[in-house]
Amino acid sequence: MSIYGRGLRGLALTTVATITVAFTLVFFYAPLDADQGFVQKIFYVHVPLAITALCGFVFGGVLGAMYLRTGERKWDIRSYVAIHMALIFGVGTLITGAIWAKASWGHWWIWSDPTLTSFLIVMLLFATYQPLRFSIEDPERQARYASVFAVVAGAFVPLNFIAVRAAQAYVHPRVLTLAGGNLPGSMRLTFLVSLIGIALLYSTLWKYEMAAKSTRMRVRALRRTLLGDDAVAPLKRSAAPL
Amino acid sequence: MRDERAPGPWRTALTVLRKDLLLELRGFETLPAMVLFALTTFVIFHFGFARDTIDGQLAAGVLTVTLLFAAMLGINRLFVAEREQGGFDAFLLAPVDRTALLVAKALALGVFLVVLEVIAVPAFGLLLLGPSLGSRLPGLIAMLALGDVALAVIGTLVSAIAVQTRARDLIGPIIGLPLLIPALIGMARGLGPVLAAGGSGSPPGKWVAILALYDVVFALLAYAVFDFLLED
Amino acid sequence: MSLVFGVAPALPLHTAGKYVAAAYIVFLALVLVYVAIMATRLSRTERDLAELQRDVALRREEEADRDREPVA
């Protein structure tokens, strides 16, 4: 069994350092945007959250595929944690996106930004992941079906973005995203550091969660070995992977 | 070691398809429900919009959404017989390629959708659509065909997942609907110009391409993962 | 920078500042809530482990007592 705590401290410290540097750059270095003014600063936390969440979903799909290939339970747990974390980052994306929309456009939600819309659809899909898992009682079947879902949903992410972008590209201008190639150097640097910081945060939290889960599992296994099967209390939610 | 006498995958798929179609012909439950649902929905839309005719993008949206929800009815029932009468076990024991079940069920759902559309689309033309259907049929049929492939593939996949869970008919739609959104966007936006009052009647190439891409990707994906859903 | 034609003019700094602060606070809050949840989990695991240690010690004692009992 892997030890997830190894290297966790170094990773966490690197994350703290990177995010601190990133936010310093955001508020003390990056220039003020000509059109949106100070409000544009939200971009540096909103977009990295979005990118990380989406990559997290795809990562979850890859891990699910590994489970299907090897049948080893640890891949399924890794997949579950990856998707769980991505969902949390996704919620952060939607909230910060709404705040940005309200500040620059006056409404809490706008349909004219394709990224926000695609994101909402992806979140609607992945919100069904946990209900699906917990409605299957047999643990092996639960792991298998969850992995199938993770693979299909992970593949869905890029397709969804293509479709939504095509649907909205020529109707409204893209309001909330700065066209990629046209960011001035200082903004691009700030954005990059932010992106790396938040990606590191995702990795740290993933590792952290895996360490907690694997520890719980080991305590239960130990209890079972030492005291027998009936000494182990059943898990609260049926067949949740701890 | 493959049995020499075991039927090939296509043969198996066609056999299962025939079984499903025969069952439906004799029982006549799912298809009439889907058709009735679509027709009633058209009536509801008429009252909802308080208009006598609709055209263009609005008409395309109404048609797409109605077909989608009617399809959901069919999807919910797709694997129920297998689940309740041991069809899954029987299939697993037979020396046949498991993916044949996927193909058979997707084809069955596709057939149901085509029959549904043969009835519902003229009804739509009669009840709600402003411009006449005649000249628009080729474009309409093309988009509907591509859309049906998407509905059939995703519907089968989602139905196979849902049938093994506790909340069977709830899980199907909540997973299936988000997955289908890109296909629906393609279908609805593609049909918009087709059903427009003064339009040329042909769907824009962009949407045909997106819908086709979606169909190919998900068909391949479904083919790759379906096996894992059938293991015991 | 190809931003936008048709956006409302930029908010003045004091109102804009509130929105930006809100966004970053949401981010911070998410991370801290997660830390709190992990803290709860950790204390539960610690408690379980302590209980396990106690139970194992108890079993060991029982076995030792049994061994010490005279047979006849």
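Which residue just after H2(B) takes a positive phi? In this predicted model, in which local features need pLDDT of at least 70, side-chain atom pairs count only at pLDDT 80 or more and totals for chains, interfaces and linings use all residues, that residue is B:Ala50, with a phi of about 55 degrees. Residues are numbered from 1 along each chain as its sequence is written, while chains are lettered from A and ligands numbered from 1 in the order in which they are written.

Helix H2 of chain B spans residues 30–49 (helices being DSSP runs of H or I of at least four residues, numbered from the N terminus). Its 20 residues reach 28 Å from the first C-alpha to the last, close to the 28 Å expected at 1.5 Å a residue (1.5 Å times one less than the number of residues). B:Thr30, B:Leu31, B:Met34, B:Val35, B:Ala38 and B:Phe45 are buried in H2(B) (20 or more other C-beta atoms, placed from the backbone, within 10 Å of a residue's own; exposed, 12 or fewer). Seen down the axis of H2(B), these buried residues fall within an arc of 135 degrees and therefore line one face of the helix (the arc being that of the directions from the helix axis to the C-beta atoms). They pack against H1 (9–27), H3 (56–77) and H6 (99–127) of chain B. The face turned away from the buried side carries the exposed residues B:Pro32, B:Thr40, B:Val43, B:Ile44 and B:Phe47.

Between the chains, 25 residues of chain B are in contact with 25 residues of chain A (C-beta atoms, placed from the backbone, within 7 Å). The largest share of the chain B side, ten residues, comes from H8(B).

Technical notes:
Contact = placed C-beta atoms within 7 Å. Helix = DSSP H or I, 4+ residues; strand = E, 2+ residues; numbered from the N terminus.
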